[in-house]
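Student: I have a new structure to read. Can you walk me through it?

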Amino acid sequence: MHQGYFHGEICLHDSITWKREKPMTTKTDILIIGGASIGLNCAYYLLKAGRKVTILEQKQIGMGSSSGNAGQIVPSHIIPLAAPGIVGTAMKWMLNPNNSPFGMKISLDPTYISWLIKFAASCSDANVQRGIPPLSALGQLSAKNFVEMIKTEKFECAYIEKGALFIYKDAQAFADGKVEAKMMNTHGVPIEIFDQAAVRKLEPIILDEIVGGILMSGDSNLNPAVFLQLLGKRVRSMGAEICENTAVTGFDVVDGKIRAVKTSAGDFEANEIVLAAGAWTPVVARDLRLNIPVQSARGYSMTMSAIKNMPGQSIFLGERRVAVTPMGDLLRFTGRLELSNLDTTVNPKHIAGIERAVREYLHVDEKLDVKETWSGLRPTTPDGVPIIARSSRYPNLIVATGHAMLGLALGPGTGQVVTELVTKKKSSFDLSPLRLERF
Ligand SMILES: Cc1cc2nc3c(=O)[nH]c(=O)nc-3n(C[C@H](O)[C@H](O)[C@H](O)COP(=O)(O)OP(=O)(O)OC[C@H]3O[C@@H](n4cnc5c(N)ncnc54)[C@H](O)[C@@H]3O)c2cc1C
């Protein structure tokens, strides 16, 4: 068990105890930095493998940028964000700032400029071909693990296995969507194509002007906040030490190895450290002088009580890039991708833009009973593929981040492969495209 007394509420209490001269050091087996989708999934699989785990979370577990997301589990998402044509499309969107699904900060910060240049250079067919195998393998492993975990742990989290339906207003966009879906199908992604009449029959909430839809029938969805609360509770009951309100502030390196992780609640020593701090990862790792090119991409969501015509499955508004997800007695709309700083203030203008988009595609006539508006940060790499790797510089450090718009969907697979790295087992698939040194 935990050898120190510097965690959770105790740690807050101790920080005002002036009598102690020197902070105690806590010793553990595996230390996970970040307690949201990636950190909690890593904890779950490490605990199942018989390891002892301590989680350091600067706020509360199960939140981060993970709780208010669209809740989509999308093994169909095998094409990395950095793909041909995306820069031109993004620029066109920005000409209409009120309705644009995309935005970017203006900054001369060299790290940001370097990220933008690397991203633009990655928007190639070659990058798509490199990205498909790891995204596909990790997506399928995760989807399988979700099914197993939800069943074994009896998680009641509004899990629906009906696929994700992409719908289009514009005939050309529908045609382009079909070409992309057929290409994905050649990589094993199951798809079903619906014409105008069939798509409305499938989901009566869809407006007449929608020209058609594509169902990614292997996809599913759930309520991410509920899922993560249940997962957090489960890892606690399996023996994880969870240190909330405990921010990592630096590292102590001795002979090329991380000797201790410094936090607002004293030092922690561990055999292995898993860095899963999402969009904050580069800031957390600053002390280690590692190049982790993760840029935050802010997005927004609004969550409301169930409406009259609840959709039976998640729907994605093709041209407007907005997701509509039923979550039991709640409905959530999510959208927008803004290359941003680490600020998570909700901008009401963008929430209004998301709601407008929904009303352009779906019969949503009533006034909405909005329960929450939210903003979160997608941790995004320049090539659109996550980083899941042991550091070549620090032998006791594993980095698990950069999941961008897939950090929920790829969580259980990431937890499993991180555990394989820690336990030195053969990996479930080739991890070389996910290594940190590719940048
Ligand atoms: C609008 C929107 C919709 C999305 N929809 C989906 C979806 O449908 N499906 C999907 O798969 N993904 C979706 N995503 C993406 C997904 O939410 C992210 O990829 C995911 O949250 C990343 O998880 P993470 O654990 O890496 O990071 P986070 O969730 O951000 O967690 C990182 C944690 O690290 C903690 N931390 C940071 N710094 C420190 C420190 N110094 N010390 C200690 N702790 C620290 C943070 O407090 C946080 O809890 C969406 C994102 C957005 C914004």
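Tutor: Some ground rules come first. This is a predicted model: local features need pLDDT of at least 70, side-chain atom pairs count only at pLDDT 80 or more, and totals for chains, interfaces and linings use all residues. Residues are numbered from 1 along each chain as its sequence is written, and side-chain values use heavy atoms, with hydrogens and water left out.

Student: What pLDDT does the protein average?

Tutor: pLDDT is the predictor's confidence in each residue, from 0 to 100. Here the protein averages 94, and 95% of the residues score at least 70.

Student: Where does pLDDT stay under 50?

Tutor: Over residues 1–22. For that stretch the model has 32 contacts (heavy atoms within 4.5 Å) beyond four places in sequence. Where pLDDT is low, the predicted coordinates should not be read in detail.

Student: Which domains does the assignment give?

Tutor: Domain bounds come from an automatic or database domain assignment. Domain 1 covers 8–66 + 226–292 + 384–438, and domain 2 covers 81–107 + 158–221 + 294–380. Their centres, taken over C-alpha atoms, are 31 Å apart. The contact takes 16 residues from domain 1 and 12 residues from domain 2.

Student: Why does the ligand lie between the domains?

Tutor: Domain 1 and domain 2 both give residues to the shell around the ligand, so the ligand lies between them.

Student: How many residues surround the ligand?

Tutor: A residue counts if one of its heavy atoms lies within 4 Å. The ligand has 34 such residues, and the closest are E57, S65, S66, A404 and A409. By class, the shell has 18 nonpolar, 14 polar (Gly among them) and 2 charged residues.

Student: Which element gives the most to the shell?

Tutor: Helices (H or I, at least four residues) and strands (E, at least two) are DSSP runs, numbered from the N terminus. β17 gives the most, with 4 residues. α2 (37–48), β13 (295–305) and β17 (370–380) each supply at least two.

Student: Which backbone atoms lie by the ligand's nitrogen atoms?

Tutor: A polar contact is a pair of N or O atoms within 3.5 Å. A ligand nitrogen is 3.1 Å from a polar backbone atom of A70. Another such distance, to V248, is 2.9 Å. The protein buries 97% of the 990 Å² that the ligand exposes alone, by the Shrake-Rupley method with a 1.4 Å probe.

Student: Where is I191?

Tutor: I191 is in strand β6 (residues 191–195). Its contacts beyond four places in sequence include A181 and I214.

Note on methods
A polar contact is a pair of N or O atoms within 3.5 Å; within protein, one must be able to donate a hydrogen and the other to accept it, and residues adjacent in sequence count only if both atoms are side-chain atoms.
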